Amino acid sequence: MWSSAGAVVQRGSSFVVYCTFIPECRTQRSLYIDTNIKSTHERLNDSTIFLRVENIMEKRTYSCSSDCNPPLDVCGLDITAGYPPDKPKSISCICRILKNGTQSVNCSWDRGRDTYLDNSFVVQVGTVSGNQTRRLVYNVSGKGTELISASFTLPRPVQLMSVQIQAQNSLGSVNSSIVSYNLSDIVMPSTPVVHQVECSSRNCTIKVEQPARSAHLQVEYREERQRDWTTYPDSAGLTTSLEAKHVSSLEPCSVYGFRARSRFSTGLWSQWSSTVSSATKEEAPAQHLDVWLAAGPDFRSLRVYWNESNMSVCRGSIVQYTIRVNSDNLTVVTNVSADLRNRSVPFCSDCEVTVQAVNSQGSSPPATMTTRHTTAKSSLDVQVTVGNHTVAISWRKAEAAPAYYVVEWYPEGHMLDELRWARLDGNENFVTVTDINPWECYEGAVYAFYNQSSVSRTSFKRIATLEAAPEMGPSVQDKVEGKRVTVSWTQLRRAQRRGCITKFTIYLQNSRGVQTLYSAEGSQRSYPIEGLSPDSYSLWISASTSKGEGPPGQKIKFYIEEDDHLSPVLMCAFVTMMVLFTLCLWKSSAVKHRFKEIFQCLMPDVVPDPANSKWAKECTKDKGKMNLHLPSHNSSFADPEEETILVDVEELCRRMGDSSSPRSDRSAFPPESCEGQGTELSVLLYPPLTTYIKSLSHDSDSSGHTQTSLDTNTTVDYISSHGQDNLDNYDQEDEEEFPGMQFFPSLSILMEPGGFGGKLTLDAVKIDCGPPNWFQPRGPR
């Protein structure tokens, strides 16, 4: 097998591949590409077939096979495609002075495009030293498109040099142009070495070592967080191989990197040394902090904020922050951790708050804010423009230019927790806020400070970069009072609001399915609904943003009951009417008599008090003698005639000095006057000789005489309860002798209780002054 163009061809060319077989094997002849692709070949003669290859662009393998018996070995051919070499260009040579005085030359060049073939280079160097000319040849090989270089040494007397590069491969060769050099123009010192860096707070000393003395040394430095290098202005060369270089005007407590390079009086700069880093020492912070105060909505809490200072301000690692609150009568000092940026302090309406940053070397100047503010008359026309992820806040400049502006912003309802602010110069009127969370509702204000205490404030509300309908409705609670229900609800969680809530819609549905809608503002948390009729109700609430209404929240049920306030009023009116009706009936004697008969069992037995009788009251007038009139008999008595029986009553008055006598007969008590005070009259009327008085009908079998019971062992003002048993016996006899006759007073119940206690008046009595007769036998009636 062979090729018309050989084994190496140029990319894009066309050629023919041939296969020749032995005469004994003429069947099933095949030609393959890359051993697996059967090609469509042509027949040249009885023993040879061929394949035309068009525009080859990469390396290919072609093979021939047949079905000979015995089988033959498969033969093949590798075809390599590539390009002839380009002419070398951009030849650059550098000369370095070694310690032994020889000159090391390194030349590099651009080889051009990749040939995809093995290349070789021949460096032809011609030198001139005095009157002598010398030609040197250096062979170099390589692949790819990278720069190819060659190094060689020259003796020190050589001053001039010429270089020519020849490139070659299987497809051809080419020579570069001849480049001539004066070695003094391309001489380069060896790379210096930075050995040591020592720093104070503002200066650093660098020690650099070089293999040979140079005329110039250049030092560069940069702070580790910066990208650009700063060249130290003093580039005077070193006079010795190890020299110190001083770099000043650095910032305290900063990490700097240093590097150096050198150059002879002629020639090229050396390469940069490796970077060596070192940190400057700390100093006390030089500038005051940026401080801001914010009071809570309830004016019970005060929070002080400060911005994190950069290194140029703090001059070191902050250890802590010191907060001092000065009022008229109290000073409170608090130390705060270095990782905090705000702190709550005691609320005061007239005080100064001072914040200082503290490091190992001292404290920063105090930054002071006062709570004594007077409201300036001028207000700002604040405009807020919302972008996708930013908010632009601008305002019209005040007529009198303030000292500075402060813009604050925070998520709605989270002022003290997530407040952010920016301080701007009095000539500025625009700020762009970037730390805005999407789907969050913000509010804030712009302050104009004319001096330490004169401030104007203009607020802005309901700012959101992205919004959507709320994810759900709020939870609801109800409070029913008569025909009124007060609905209250909680605020949605921040993640569920999806922006600024503009309103709440209250849905009220009765048992018949009739719905009524009520609307509440986004800032409200309760809503009263009045004038509801008795029924069962269902209620739920949905929230809305500018992008639409969200789904309903929790559904609750409540009931409005019938108004029963009239029931007590009607009951009181009914009771009052019944009482008045009863009083009217009580004026009737027949009703009172019937009432007494029905409820006789409920009334206690009452003994009449003789002190209330008429004869007792007339005692003082008639000297103990009076006429008693027997009242008319009840119609139930057998005798229809009525007569008045006159009884002479002789009053037996006891001398006050004889009250100790246990028992006497009537002859021992001569008649005496009963005149005296009420207490004496009572004693005289009811001496130890207590008289039991009964009024009997004249047709009784014992009407002819009067029974008298005497008790000489008891002194009372009236008939007491110790004789109740005997009285009950006599009452029993009366009931037997006078059935149907009851003793009740006829006083109105409006004046005093009737028949249930108190003192009774006896208008007609019979008095028996005989001896006691408690056990006198009684005959049948």
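Biologist: What is the order of the strands in the open sheet of five strands?

Modeller: Please note at the outset that this is a predicted model. The open sheet has mixed pairing, and its edge strands, S34 (374-375) and S38 (420-425), each pair on one side only. S40 is joined to strand S41 (residues 454-463) by seven bridges, and these two run antiparallel. The order is S34-S41-S40-S37-S38.

Biologist: Which residue in S41 is the bridge partner of Gly 444?

Modeller: Strands of a sheet pair through backbone hydrogen bonds, either parallel or antiparallel. S40 and S41 run antiparallel. In S41, the residue bridged to Gly 444 is Phe 460.

Biologist: How many helices and strands does the chain have?

Modeller: The chain has 781 residues, and 39% of them count as buried. Among contacts with a separation of 6 or more, 64% are between residues 24 or more positions apart. The secondary structure comes to 10 helices and 49 strands.

Biologist: Which residues form the covered face of strand S20?

Modeller: In a regular strand the side chains alternate between the two faces of the sheet. In S20 (residues 204-209), the uncovered face holds Thr 205, Lys 207 and Glu 209. The covered face holds Cys 204, Ile 206 and Val 208.

Biologist: Which residue of S20 is the bridge partner of Cys 199?

Modeller: Strand S19 (residues 193-199) and S20 run antiparallel and are joined by six bridges. They form a hairpin, with four residues between them. The partner of Cys 199 in S20 is Cys 204.

Biologist: Which residues touch the most other members of the largest nonpolar core?

Modeller: In soluble globular proteins, nonpolar side chains tend to be buried together. The largest nonpolar core has 33 residues. Elements that give two or more residues to this core include strand S27 (301-306), strand S31 (352-359) and helix H3 (415-418). The residues that touch the most other members are Val 304 and Trp 306.

Biologist: Which residues does Val 304 touch, not counting residues up to four places away in sequence?

Modeller: With that exclusion, Val 304 touches Arg 341, Asn 342 and Arg 343, among others.

Biologist: How far apart are the closest N and O atoms of the salt bridge between Arg 259 and Glu 220?

Modeller: Side chains of opposite charge can pair when their charged atoms come close. Arg 259 lies in strand S24 (residues 255-263) and Glu 220 in strand S21 (residues 216-223), so their pair ties together parts that are 39 residues apart in sequence. The closest N and O atoms of Arg 259 and Glu 220 are apart by 2.7 Å.

Biologist: Is Glu 220 buried or exposed?

Modeller: A residue counts as buried when its relative accessible area is under 20%. Arg 259 has 17% relative accessibility, so Arg 259 counts as buried. Glu 220 has a relative accessible area of 10%, and therefore Glu 220 is also buried.

Biologist: Which residue meets Arg 423 in a salt bridge?

Modeller: Arg 423 lies in strand S38, and its partner lies in the loop between strand S25 (276-279) and S26, so the pair ties together parts that are 133 residues apart in sequence. Arg 423 counts as partly exposed, at 32% relative accessibility. The N to O distance is 2.5 Å, and the partner is Asp 290.

Biologist: Which residue forms a salt bridge with Glu 418?

Modeller: Glu 418 lies in helix H3 and its partner in helix H4 (residues 494-497), so the pair ties together parts that are 76 residues apart in sequence. Glu 418 is partly exposed, with a relative accessible area of 26%. The N to O distance is 2.6 Å, and the partner is Arg 494.

Biologist: Which residue has the backbone oxygen that the side chain of Gln 164 reaches?

Modeller: Gln 164 is placed in strand S15 (residues 160-169). Its relative accessibility is 16%, so Gln 164 counts as buried. Beyond its neighbours within four places in sequence, Gln 164 is in contact with residues including Val 122, Arg 135 and Ile 178. At 3.0 Å, its side chain reaches the backbone oxygen of Ser 176.

Conventions: Residues numbered from 1 in each chain as written. Predicted model: local features only at pLDDT ≥ 70, side-chain atom pairs only at ≥ 80, totals over all residues. Heavy atoms only, no water. Buried < 20%, exposed > 50% of the residue type's maximum accessible area, 1.4 Å probe, protein only. Pairing = 2+ DSSP bridges. Contact = heavy atoms within 4.5 Å. Core = buried A, V, L, I, M, F, W, Y, C linked by side-chain atoms within 4.5 Å. Salt bridge = Lys/Arg side-chain N within 4 Å of Asp/Glu carboxyl O. Polar contact = N/O pair within 3.5 Å; in protein donor to acceptor, adjacent residues only side chain to side chain.
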